[in-house]
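Good morning, everyone. Please look at the screen, and I will walk you through a few spots.

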Amino acid sequence: METRVQIRSGGRLVVPVKLRKALNIKAGDEVVVLLENGSIRLIPMQQAVNLAQKAVKQYVPKGVSLVGELIKARREEARAE
């Protein structure tokens, strides 16, 4: 999907309704703005979270809980104090 928009005063950009609907973003929602190869990319926050989780997951051994590991480490640190 492609459309043209103008940059308004103060650097404001209005995302057209058809793009907002396609991305399921509404007024007040947060998006991640990336500069990629000389272009701007908008990613809805939930999609950005999903992408980050997927990137990290490839380095975590199967059956290991990062939350569990963090809790374990914090408890060990607390015992050492």
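Where is the place of Val-5? Val-5 sits in the segment before α1 (17-23). This is a predicted model, where local features need pLDDT of at least 70, side-chain atom pairs count only at pLDDT 80 or more, and totals for chains, interfaces and linings use all residues. Numbering runs from 1 along each chain as its sequence is written, and side-chain values use heavy atoms, with hydrogens and water left out.

Helices (H or I, at least four residues) and strands (E, at least two) are DSSP runs, numbered from the N terminus.

Back to Val-5. Val-5 counts as partly exposed because its relative accessibility is 38%. Partly exposed means between buried, under 20% relative accessible area, and exposed, over 50%, with a 1.4 Å probe and protein chains only.

Now the nonpolar patch on the surface. Val-5 belongs to it, as do Ile-7, Leu-13, Val-31, Val-33, Leu-35, Ile-40 and Leu-42. A patch takes residues with over 30% relative accessible area and no salt bridge; nonpolar side chains (Val, Leu, Ile, Met, Phe, Trp, Tyr) are joined within 5 Å, like charges within 9 Å. β1 (31-36) gives the most, three residues.

Next, salt bridges: a side-chain nitrogen of Lys or Arg within 4 Å of a carboxyl oxygen of Asp or Glu. The count is two. In one, Arg-41 pairs with Glu-36, with the closest N and O atoms 3.2 Å apart. Arg-74 pairs with Glu-77, at 3.6 Å between the closest N and O atoms. Both Arg-74 and Glu-77 lie in helix α3 (residues 66-80), three residues apart, about one turn of the helix.

Notes: Accessible areas come from the Shrake-Rupley method with a 1.4 Å probe; for residues, only the protein chains shown count as cover.
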